[in-house]
Amino acid sequence: MRQIILDTETTGLDPDQGHRIIEFAGLEMVNRKLTGKHLHVYIHPERDIDPDAERVHGISLASLEGKPRFAQVAAELADFMRGAELIIHNAPFDVKFLNAEFDRMGLPRIKDVAEQVTDTLAMARDQFPGKRNSLDALCDRFEIDRSNRTLHGALIDCELLSEVYLWMTRGQESLVMDIDVDNGSQQAGDIQFERKPLSVRRASEEELAAHQSYLGDLDKAVKGSCLWRTLENPPAGDAA
């Protein structure tokens, strides 16, 4: 399935209080590989940005002058997400904002646009209960370089989340990946492997003598014939 690694930045925390999306970023992934196709837009919110939110993402209202309103990019965003699985960290937050923006325009909601939504924060809490599971914490846990993330930004967060998602779902990968054969890519299931005969190394005279000496010690320990003697010389009825 086509997947979109998605993130947004907003003017505040709650669309029910009139807060708006000011940045949208999505990276396309197919067969667990980024395709290079992406969508990244800044959006004028037609309202002020809360100071606390601006301290987090560093986006000022002045920097958004001349940027499109959501109504001007809504169709492009919906087309980009249509039919895909959306991979989002703390998905309820972003989905609520996107739904509020689409509701404002009378457009279909995310559940009618995307095939499904996967919340990587919920996944992380299942995999690492009781631990910090912010995007920064997960990057540190998986040793993903986040040195370029000085502020929250939708595009850089998508890039980091794509690596985090692959780490968290690595057990879902096929144990046999695509293999290049004769300069042509083939699926592993289409390739016939030739099994080489197993090599047999026989014991040397010295090794056989050491083995017999060890069996002699076992005979003395059990005051008779040890089990290995029976295995070496099975009764006639058991040899067939």
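## Terms and model

Two strands count as paired if DSSP finds at least two bridges between them. Strands (E, at least two residues) and helices (H or I, at least four) are DSSP runs, numbered from the N terminus. The model is predicted: local features need pLDDT of at least 70, side-chain atom pairs count only at pLDDT 80 or more, and totals for chains, interfaces and linings use all residues. Residues are numbered from 1 along each chain as its sequence is written, and side-chain values use heavy atoms, with hydrogens and water left out.

## The sheet

Five strands form an open sheet with mixed pairing, in the order S3-S2-S1-S4-S5. Strands S3 (33-42) and S5 (116-119) are at the edges; each has a single partner strand, so one side of each has no neighbour in the sheet. From one strand to the next, the twist averages 25° (axes are lines fitted to C-alpha atoms, for helices over the stretch in contact, and angles run from 0 to 180 degrees between N-to-C directions).

## Strand S4 and its partners

S4 (residues 85-88) runs parallel to S1 (residues 3-10), and three bridges join them. Ile87 in S4 stands opposite Ile5. S4 also runs parallel to S5, through four bridges, and Ile88 has Asp119 of S5 as its bridge partner.

Which residues of S4 are buried on its two faces? Glu85 and Ile87 are buried on one side, Leu86 and Ile88 on the other; buried means under 20% relative accessible area, with exposed over 50% and partly exposed in between (1.4 Å probe, protein chains only).
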